[in-house]
Amino acid sequence: MTSRRSVLAGLGSAGVAALAGCAGLRSSNDDEPAGTDVDLRPDAVESVEWPASPFPVAVPSSLAAAHEARARELLDAVPADPGDPDDSEDPPIPNAAVARELRNERERAAERLESGSDRPWATGRLAEWRGIRSAAATVRGTHRAATGEDDAAAVRERGRAVREDLGSFVADHEYRARSPREAVLAHAPVEDLVAACRRRVRPRPEYPADPLARPFRAGEAVGRVERARASLDDATGLLEAYRVERAETASQWASLIGSARRLRAAVGRERSTVGEFLARDDPPVDDDLRGTAAGRLFTEASYRAESLAEDVEEHVDDGAPATAVVEAGRALVALEALGTAVEGIRDGAYRDAVTAESVDRMDDRARESLAGVAESDDPRLAARIARPALETHASAARRVEESYADPARVQGDLVLVDLYARAVPVATRFVLDRIE
């Protein structure tokens with residue numbers, strides 16, 4: 001691995017040297033087990049402020065408001081206690097177990113509705129609102145099925161209407177933007193929404209033949225179609241918001257296709273340098289790394305790199321070039337992080353006993369590396385590429401705060417965040433050079 005030639009030249013060797021003093025180096029023949037019996041403070045992993053939203057224009061608040069209104073309408077149609085004959089004009093649910101579970105589902109959906117979303121990016125908040133809207137539709141569909149209503153025909157018709165509208169939307173999607181790089185930022189989230197919509201309206205025998213006997217499956221079918229419509233609504237809304245704010249745009253489709261193919265080739269070359277370590281549970285050394293940050297780091301880096309590299313192939317083949325460009329940036333970073341991790345593990349790094357102090361130091365380093373994403377040549381593109389690291393850090397902070405985090409796993413995740421985030425600026429430049 002010391003002779004590995006990365007397309008992001010120079011990051012690997014610098015990464016291992018820089019981490020030596022922070023993550024802890026020791027001889028690989030040291031048999032001392034890593035310590036995991038460590039109490040972490042609830043704020044041991046401090047939250048970080050995310051970069052500004054990468055979507056190039058403001059996302060209209062009306063999109064989230066529409067989801068909220070629709071969710072409230074659906075949930076209001078279901079009584080708070082579906083088994084109580086005095087709680088609604090609808091007939092009570094005769095099956096007590098179904099009524100009890102539906103009441104619980106309604107309560108959870110109502111809690112989500114009242115909590116709303118506090119995700120850092122507007123596009124992320126929309127995703128959460130789509131989920132809330134779908135959950136409310138699921139509750140409504142379940143209630144109707146449990147009270148003897150058969151919505152099979154209505155679900156089929158809604159699915160057909162969404163498919164037709166989706167087909168028209170895709171046919172009219174010209175990928176207009178002021179530049180190829182802005183096309184990536186504007187159209188990647190739209191492609192994500194199109195893919196999500198398509199997954200949820202594929203014709204399949206989903207609504208049960210006997211909804212009264214299987215009310216929860218009936219509700220899921222209603223919720224899927226509702227989520228599909230919500231996804232298409234947001235795709236339409238985001239494109240319209242961009243069109244209104246940007247004048248003198250041109251189609252960037254051909255440019256994006258060419259860029260996606262070039263970047264797919266680059267990912268393939270980078271993948272070949274670490275191919276033997278992809279999607280593996282067993283470490284790249286003979287030592288037992290269980291209970292160490294090194295063990296967690298390798299497993300997470302290995303599977304993440306493989307998944308992101310496969311995503312690039314999938315998006316290019318599916319005709320989603322803007323998403324393919326973003327995923328290529330992420331895959332290049334993840335593959336580089338894996339290579340650096342393997343080099344470090346082989347040199348004995350990341351194996352010292354985990355302590356509260358070592359987690360603090362690693363979190364400081366991870367947060368410093370995440371802050372460096374803003375120094376990239378294009379902070380918005382860098383933010384999209386860095387999102388997996390931001391999400392991993394947020395997950396670690398949440399697990400620690402809620403006191404169910406294994407210290408070695410937390411430290412391994414923080415090392416991966418650091419390795420990933422430090423590679424983002426160079427990867428961003430690499431991607432920009434191939435889309436301009």
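Helices (H or I, at least four residues) and strands (E, at least two) are taken here as DSSP runs, numbered from the N terminus. The structure is a predicted model, in which local features need pLDDT of at least 70 and side-chain atom pairs count only at pLDDT 80 or more, while totals for chains, interfaces and linings use all residues. Residues are numbered from 1 along each chain as its sequence is written, and side-chain values use heavy atoms, with hydrogens and water left out.

A salt bridge is counted where a side-chain nitrogen of Lys or Arg lies within 4 Å of a carboxyl oxygen of Asp or Glu. By this rule the model holds 42 salt bridges. One of them sits within helix 5 (residues 152-172), where Arg-160 and Glu-157 are 3 residues apart and thus separated by about one helical turn. The closest N and O atoms of Arg-160 and Glu-157 are 2.3 Å apart. For solvent exposure, buried means under 20% relative accessible area, exposed means over 50%, and partly exposed covers what falls in between (1.4 Å probe, protein chains only). Arg-160 is partly exposed at 31% relative accessibility, and Glu-157 is partly exposed as well, at 39%.

Salt bridges that share partners also build a network, which joins Arg-70, Glu-73, Arg-133, Glu-226 and Asp-233. Within this group, Glu-226 and Arg-133 form a salt bridge whose closest N and O atoms are 2.8 Å apart. This pair links distant parts of the chain, with Glu-226 in helix 7 (residues 215-245) and Arg-133 in helix 4 (residues 122-146), 93 residues apart. Both partners are covered: Glu-226 is buried, with a relative accessible area of 8%, and Arg-133 is buried too, at 7%.

Another pair, Glu-101 and Arg-108, forms a salt bridge with its closest N and O atoms 3.4 Å apart. Here Glu-101 is partly exposed at 31% relative accessibility, and Arg-108 is partly exposed at 41%.

Helix 4 has 25 residues and reaches 36 Å from its first C-alpha to its last, close to the 36 Å expected at 1.5 Å a residue; the expected span is 1.5 Å times one less than the number of residues. Most of helix 4 is covered, with 20 of its 25 residues buried. After helix 4 comes Gly-148, whose phi is positive, near 95 degrees.
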